[in-house]
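Here is a friendly walk through one protein model. Have a look at the chain below, and then we'll go through some of its side chains.

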Amino acid sequence: MNQNPNAICWFEIYVDDIERAKKFYSEVLKVVFQDVPSPGDAGDFKMSFFPSDPNPERMGVGGALIQMAGARGGDCQPTGTLVYFPCMDCSVEESRVVDAGGQVHRSKFSIGEYGYCAICQDTEGNSFGLYSMQ
């Protein structure tokens, strides 16, 4: 059972030029981004966090700009935006995707100290992520 009261727990906006995207969102939203190293075995890419409250007790929704070859406009995420649904163990929800009519693009993988995620597609062609700490 999911203990997070929010429908989503994370979002990613895939970009071609992270510096240009940071400048745009900083000017529009008046926010300061935090650049972070590539987590776990997620591959070589650039990531910059939107400001958010890191306290897990408040269960806020965080997100990031992501620059990664092939992510924007690719088979996995044609729209350039991906939302993640919180799970206790994302492999459990991932195991239900195919039987429900969807597809698993990338099975559960580590994102280092940040936990684990899986990338899937629903019956309407929308990609989404599953996220868990274990």
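## Salt bridges

The structure holds 4 salt bridges, where a salt bridge means a side-chain nitrogen of Lys or Arg within 4 Å of a carboxyl oxygen of Asp or Glu. Side chains of opposite charge can pair when their charged atoms come close.

Before going further, some ground rules: this is a predicted model, in which local features need pLDDT of at least 70 and side-chain atom pairs count only at pLDDT 80 or more, while totals for chains, interfaces and linings use all residues. Residues are numbered from 1 along each chain as its sequence is written, and side-chain values use heavy atoms, with hydrogens and water left out.

## Lys-22 and its partners

Let's start with Lys-22, which is buried at 13% relative accessible area. Here, buried means under 20%, exposed means over 50%, and partly exposed is in between, using a 1.4 Å probe and protein chains only. The side chain of Lys-22 forms a salt bridge with Glu-19 (3.3 Å, N to O). These two sit 3 residues apart in helix H1, so about one helical turn separates them. Helices (H or I, at least four residues) and strands (E, at least two) are DSSP runs, numbered from the N terminus.

Lys-22 also meets Asp-35 in a salt bridge, at 2.8 Å from N to O. That pair links distant parts of the chain, with Lys-22 in helix H1 and Asp-35 in strand S2 (residues 34-36), 13 residues apart.

## Lys-108 and Asp-89

Another salt bridge joins the side chains of Lys-108 and Asp-89 (2.9 Å, N to O). This one too links distant parts of the chain: Lys-108 is in strand S6 (residues 103-110), and Asp-89 is in the loop between strand S5 (81-86) and helix H2 (90-97), 19 residues apart. Lys-108 is partly exposed at 28% relative accessibility, and Asp-89 is partly exposed at 22%.

## Around Gln-121

Now over to Gln-121, found in strand S7 (residues 116-121). Gln-121 counts as buried, with 15% relative accessibility. A polar atom of its side chain lies 3.1 Å from the backbone oxygen of Gly-125.

Setting aside neighbours within four places in sequence, Gln-121 has contacts (heavy atoms within 4.5 Å) with residues including Val-97, His-105 and Phe-128.

## Phe-24

Back in helix H1 (residues 18-29) we find Phe-24. Phe-24 is partly exposed, with a relative accessible area of 47%.

How values were computed: Polar contact = N/O pair within 3.5 Å; in protein donor to acceptor, adjacent residues only side chain to side chain.
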